[in-house]
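Hi everyone, thanks for coming. Today I'd like to walk you through one structure, a step at a time, so please have a look at it first.

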Amino acid sequence: MSTTKSVIRTIKNVANGYSDVQVMVRKATSNDPTGPTTAQMADVANHTYENGEFLEVMDIIDRRLNDKGKNWRHIAKSLTLLDYLVRYGSEDVVAWAKNNIYIIKTLREFQANDVLNTDQGAIIRVKAKELTALLRDDERLKQERELARQKMTDRRTRRKN
Amino acid sequence: MLSFGGHSNLDIQTSLKKACTADSAAPKRKHVRACIVYTWDHKSSREFWHCLKLLPIQSNDTQIFKTLIVIHKVLQEGHPTCLIGGYKNINWLESLGRFSNNDTTAGHTKLIREYVFYLEQKLRFHHDHRGFNGMFEYEEYVSLRTVSDPNEGFESIMDLLSLQDSLDNLQRVIFSFIRHTSDISEYVISSLVPIIAESYGIYKFLISMLRALYRSSESDEVIAPLKDRFDAQHHRLFEFYADCSSIKIQCTAF
């Protein structure tokens, strides 16, 4: 089941002409039950520093955020990824997110029930709420980004030693 | 600046059609959201109002009421131009209240009239006080401006209190409708959601404005009438929320 799905996804990636970065983002926000790993998110974050690739990344995230309720995992994972990018990605991501805050804001009332009629929208509502709060609070956002940068340099120096 | 996914005219038409169907379910969030996102993408609400007028809703009370919910939602969360566009279309909105036909139940007519009346009040308020957004989310500079000019501050608090009063009226009408009908329709309950959000927004605004006004003015007597009205509203709001929480339990029990 999951193998056929992943094969179909590879075909779709080629057929729709997605670039390597876009494939990466699609993979990180796919319908698999396991979340995007930190390594995946860090990869994407690095790519947001390239000007052309930044737009490609945001294009996919935008599409994923506006996905159907059935694909609530796409939305939840995109919010996780976007939250990471806002902290670790380039300054452009912050600008993009602030410009398009309405996309995130309107997700605060998201509703989706799965086959068993359990509420899967709650996780999205919470994530959207937290992300909007972060984007509105410039002071906190600055602190978080500072913290993130420190963490990254720590990790790099540790690797060198 | 950077907006993706070109939503065309056709998209909002279908979203509106799907949001304002004739069945008794609540307007689906995804369609309402599509309308809201559309107004932000295009930074204009012209298409929204235009498509709204083309909808064939006048023959059905349920549809009219659901459309009013959608309008309320879009006014709250949509692009600021929605409020301006709404003010321009205030006459059309008024006509909706007259359209409601008595064929189903008498309660419906009253619901629609009251909702239309409230939306008109809201649009007028936003026309007179441009600093506020649709949701009355707390913005620092508005309260700063009102403090610097106590007269203006007094007036806008008065207007806010009146708006809250008519919101309270609307809420009462909806609740009496819910109590008097045996089958509780989902869409009537769903209309409470934007009302709760809005009343809370207004409530928070009033608190911060009154506080600021207290600090700036010397005499308490001037503000005393405002305080009395606010206290009365506070109690009614509290009861309203209590009523709502009892309904939520009923909803999940179904």
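**Salt bridges, a helix pair and an interface**

Let's begin inside chain A, where the side chains of Asp32(A) and Arg9(A) form a salt bridge, with 3.6 Å from N to O. Where do these two partners sit in the chain? Asp32(A) is in the loop between α2 (20-28) and α3 (38-47) of chain A, while Arg9(A) belongs to helix α1 (residues 2-15) of chain A. They are 23 residues apart, so this pair links distant parts of the chain. As background, side chains of opposite charge can pair when their charged atoms come close. Please keep in mind that this is a predicted model. Over all chains, the count comes to 20 salt bridges.

Next, let's look at two helices. In general, two packed helices are described by the angle between their axes and the distance between those axes. Here, helix α4 (residues 51-65) of chain A and helix α6 (residues 91-99) of chain A have axes that come within 11 Å and cross at roughly 35°. The crossing of α4(A) and α6(A) is right-handed. Which residues make the contact? From α4(A) we have Phe54(A), Met58(A) and Asp62(A), and from α6(A) there are Asp92(A), Val93(A) and Trp96(A). Sorted by class, the residues of this contact are four nonpolar, no polar and two charged.

Now for the place where the chains meet. Here, 14 residues of chain B are in contact with 19 residues of chain A. The area buried between the two chains is about 1,500 Å², and carbon and sulfur atoms give 52% of that.

How many salt bridges are there between chain B and chain A? The count is two. One salt bridge joins the side chains of Glu109(A) and Lys73(B), at 2.6 Å from N to O. On the side of chain B that touches chain A, α2 (29-42) and α4 (61-77) of chain B each supply at least two residues. The largest share, six residues, comes from α2(B). By class, that side has seven nonpolar, one polar and six charged residues.

Terms used:
Residues numbered from 1 in each chain as written. Chains lettered and ligands numbered in written order. Predicted model: local features only at pLDDT ≥ 70, side-chain atom pairs only at ≥ 80, totals over all residues. Heavy atoms only, no water. Axes fitted to C-alpha atoms, helices over the stretch in contact; angles between N-to-C directions. Helix = DSSP H or I, 4+ residues; strand = E, 2+ residues; numbered from the N terminus. Left-handed = near helix turned anticlockwise from the far one by under 90°. Contact = heavy atoms within 4.5 Å. Nonpolar A, V, L, I, M, F, W, Y, C, P; charged D, E, K, R; others polar. Buried area = accessible area lost by both parts, 1.4 Å probe. Salt bridge = Lys/Arg side-chain N within 4 Å of Asp/Glu carboxyl O.
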